[in-house]
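This report describes one protein chain for a reader who has not seen it before. Please look over the sequence and the structure first.

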Amino acid sequence: MRIAKVIGNVVLSRSHPSFAGASLRLAVPMTLEELQGDAEPAGEELVVWDEHGAGIGSLMAISESGEAAQPFRPEMKPVDAYNSAILDELKF
């Protein structure tokens, strides 16, 4: 699980029927140094399935790969990253 910052929304003109009920967010995973400082994330962007309503600038805990599909079992959803939680505060 990693922490990522939401930098945008993904809008689809057509989507897979299993995508109903959630939003897709564009997020950038952050390093510990980026989380502790004021630096903007410099990682590669990824599309995250979001059922929690994260907004631009929100920090979220994301699971990726096979773990991202686990909340939907036994259904199958074509997702690579899942928003597990919205983070209000980080303490180091």
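The side chains of R2 and E64 form a salt bridge, with N and O 2.7 Å apart. A salt bridge here is a side-chain nitrogen of Lys or Arg within 4 Å of a carboxyl oxygen of Asp or Glu. R2 belongs to strand β1 and E64 to strand β4, and the two residues are 62 residues apart, so that distant parts of the chain are linked. Helices (H or I, at least four residues) and strands (E, at least two) are DSSP runs, numbered from the N terminus.

The model is predicted: local features need pLDDT of at least 70, side-chain atom pairs count only at pLDDT 80 or more, and totals for chains, interfaces and linings use all residues. Residues are numbered from 1 along each chain as its sequence is written, and side-chain values use heavy atoms, with hydrogens and water left out.

**Salt bridges**

In the whole structure, three salt bridges are found. The table gives their atom distances.

| Pair | N to O distance |
|---|---|
| R2 and E64 | 2.7 Å |
| D50 and R25 | 3.0 Å |
| E89 and K91 | 3.9 Å |

D50 is buried at 2%, and R25 is buried at 12%. R2 is partly exposed, with a relative accessible area of 39%, and E64 is partly exposed at 26%. Both E89 and K91 are exposed.

**Strands and the N terminus**

The chain has two helices and five strands, which run β-β-α-β-β-α-β from the N terminus on. Strand β1 (residues 2–10) pairs in the antiparallel sense with strand β4 (residues 59–64) over four bridges. β1 also pairs in the antiparallel sense with strand β2 (residues 23–29), over six bridges. Two strands pair if DSSP finds at least two bridges between them. A4 has a bridge partner on each of these strands: M60 in β4 and P29 in β2.

M1 is found in the segment before β1 and counts as exposed because its relative accessibility is 73%. M1 and S63 are 62 residues apart in sequence, yet 4.8 Å apart in space, C-alpha to C-alpha. Leaving out residues up to four places away in sequence, M1 touches A61, I62, S63 and S84 (contact means heavy atoms within 4.5 Å).

**Surface and confidence**

Of the 92 residues in the chain, 36% are buried. The accessible surface of the chain comes to about 5900 Å², and 49% of it belongs to carbon and sulfur atoms. Areas come from the Shrake-Rupley method with a 1.4 Å probe; for residues, only the protein chains shown count as cover.

The average pLDDT of the chain is 84, and 85% of the residues score at least 70. pLDDT is the predictor's confidence in each residue, from 0 to 100. Among the elements of the chain, β1 has the highest mean pLDDT (94) and helix α2 (residues 66–69) the lowest (60). Where pLDDT is low, the predicted coordinates should not be read in detail.

Technical notes
Buried < 20%, exposed > 50% of the residue type's maximum accessible area, 1.4 Å probe, protein only.
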